[in-house]
Amino acid sequence: MAAPGLRLCAAAAPLLLLLLLSLLRLPLRARADEHEHTYKDKEEVVLWMNTVGPYHNRQETYKYFSLPFCVGSKKSIGHYHETLGEALQGVELEFSGLDIKFKDDVMQTTYCEIDLDKGRRDAFVYAIKNHYWYQMYIDDLPIWGIVGEADENGEDYYLWTYKKLEIGYNGNRIVDVNLTSEGKVKLVPNTKIQMSYSVKWKKSDVKFEDRFDKYLDPSFFQHRIHWFSIFNSFMMVIFLVGLVSMILMRTLRKDYARYSKEEEMDDMDRDLGDEYGWKQVHGDVFRPSSHPLIFSSLIGSGCQIFAVSLIVIVVAMIEDLYTERGSMLSTAIFVYAATSPVNGYFGGSLYARQGGRRWIKQMFIGAFLIPAMVCGTAFFINFIAIYYHASRAIPFGTMVAVCCICFFVILPLNLVGTILGRNLSGQPNFPCRVNAVPRPIPEKKWFMEPAVIVCLGGILPFGSIFIEMYFIFTSFWAYKIYYVYGFMMLVLVILCIVTVCVTIVCTYFLLNAEDYRWQWTSFLSAASTAIYVYMYSFYYYFFKTKMYGLFQTSFYFGYMAVFSTALGIMCGAIGYMGTSAFVRKIYTNVKID
């Protein structure tokens, strides 16, 4: 009965992906235009004003003209395009009104005048006190400038009024932009301040493909401590894998030998013998986990997050995603939606193997588990952003686009994966028969309890990635562009290996204590890495940043909670999948009566 529906969903999948692409590239303003980054002599070059905000709060940004700056006299524009990723990241491009033409120098020219009454002066003084700075774009190249400065006594405040632009070109392309702020004018109420600009064009040898290299910081990301942390994590992996292999191989060999010896005993000797170990729970080890619907949804979501992480890192290694505004977020959204069948396949097949019957409910929970968590957090922070009138406030049209992706792309593709999973690998094929009556779990030492194992299980995985967490946090919360995705790929591989090794050891000790509740224990012991990452985010906030205010604090801890939870679900799924293969292997190789 599922075959016709499966064929229909499979046929609709390409159409759904095309719909997703159109939503991601949806022009959200009427004057959208594709920019080819090529110019003819005297052709218009647009200077976009983006956002302004306090230096120490990178995410607390406002529209540039929320401060009482004036606009140039030129009203027509030629190029503008905004993507879904830009809208979600609070990009607010507004035309500066400055008349700039390709290879056409402009001497210092006054473009507007600010009538500085008391209210406008107070706005500028507040911005200068809080170290406000602004961002502009020319041909997608970012430019930063400071609003003004105070004197040493903090009594007088000055506004920079002269924007001195120096633009480098190579052939018919712009390859470099520099801004020098001059014209320091004291802020005095009831005066007029003239704003001016100049443009100087110069020929450059910089290639168009290399024009973003000046924004990168190799001395930071390729510092010796970064290389050392990778080497240290790699050595830890070799040591851990060797240790786990040696312990398990020697221990399992002894276990197999002991169990084989017991097979040769008669019934009387076997009854008098000291029977213990993981073989004793063979009739319960493949018993369905408690709350299988939630468990299978978490496993499916974790597998999807791993697939998204792997694909996005590979794409970022091949393409320089940092060269286009919002491209990283747009790519992540597209890959997440496109990999929805992965979620449905692994979650649906696991739920079917555990005897679950409410597979439609499981599919809905699996499909919307991560989107609901992310959207719920964004919805809460959006209220604060609206109260602050910040540019991070997500427009209603963008919310509608995200909802369309969830309901018309993610859900149908998840359905395809669920049907495939239930039909292809949904039959239970356990190596041991499950007993009708659960075996009582004997008492054991406190450090063998699942709760203790869960708490300790995340220490080593966190230890293998916490240095990389510093670089990732700095690139997102400070003013660095992360570009060393080869490092990130190595760290992801190391994290997977360490997580699997740790959960296998934890599960072995748990089964040896004749406790067969290994499914949730293996998942949670790996997922506890998220707790340590979130704890580290507190340290980073208080000791590595100077953030302040309700909006920035809510934004930081809200999205760090989302990041940590997603990382924990991914690690939990990786740990469970590795442990599941281990458990099946050891029970396949032992003779069961």
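Which residues are buried in H8?

Guide: Please bear in mind that this is a predicted model. In H8, the buried residues are Ser-327, Ser-330, Thr-331, Ile-333, Val-335, Tyr-336 and Ala-337. The helix itself covers residues 327-338.

Across the whole structure, a search finds 65 aromatic pairs. One of them joins Phe-221 and Phe-471, whose rings lie 6.1 Å apart, centre to centre, with 40 degrees between the planes; the pair is tilted. This pair links distant parts of the chain, since Phe-221 belongs to helix H4 (residues 218-221) and Phe-471 to helix H13 (residues 459-477), 250 residues apart. Phe-221 has 0% relative accessibility and therefore counts as buried. Phe-471, at 2% relative accessibility, counts as buried because the cut-off for that term is under 20%.

A second pair is formed by Phe-368 and Phe-407. Their ring centres are 5.4 Å apart and their planes stand at 50 degrees, so this pair is tilted. Here too, distant parts of the chain are linked: Phe-368 lies in helix H10 (residues 359-388) and Phe-407 in helix H11 (residues 396-425), 39 residues apart. The two partners may be described in turn. Phe-368 counts as buried, because its relative accessibility is 19% and buried means under 20%. Phe-407, by contrast, has a relative accessible area of 49% and is therefore partly exposed, as exposed means over 50%.

The charged end of Arg-173 sits over the ring of Phe-208, at 4.2 Å from the ring centre. In another such contact, Lys-480 lies over the face of Phe-220, 5.0 Å from the centre of the ring.

Finally, H13, the helix that holds Phe-471, may be followed to a helix that it crosses. The axes of H13 and helix H16 (residues 529-544) come within 10 Å and cross at roughly 40 degrees. H13 is therefore oblique to H16. The crossing in which H13 passes H16 is right-handed.

How values were computed. Residues are numbered from 1 along each chain as its sequence is written. This is a predicted model: local features need pLDDT of at least 70, side-chain atom pairs count only at pLDDT 80 or more; totals for chains, interfaces and linings use all residues. Side-chain values use heavy atoms; hydrogens and water are left out. Rings of Phe, Tyr and Trp (its six-membered ring) pair if their centres lie within 6.5 Å; planes under 30 degrees apart count as stacked, over 60 as edge-to-face and the rest as tilted. Helices (H or I, at least four residues) and strands (E, at least two) are DSSP runs, numbered from the N terminus. Buried means under 20% relative accessible area, exposed over 50%, partly exposed in between (1.4 Å probe, protein chains only). A charge sits over a ring if NZ of Lys or CZ of Arg is within 6 Å of the ring centre and within 35 degrees of the ring normal. The expected span of a helix is 1.5 Å times one less than its number of residues. Axes are lines fitted to C-alpha atoms, for helices over the stretch in contact, and angles run from 0 to 180 degrees between N-to-C directions. Angles under 35 degrees count as roughly parallel, over 145 as roughly antiparallel, 65 to 115 as roughly perpendicular and the rest as oblique. A crossing is left-handed if the near helix is turned anticlockwise from the far one by less than a right angle, and right-handed if clockwise.
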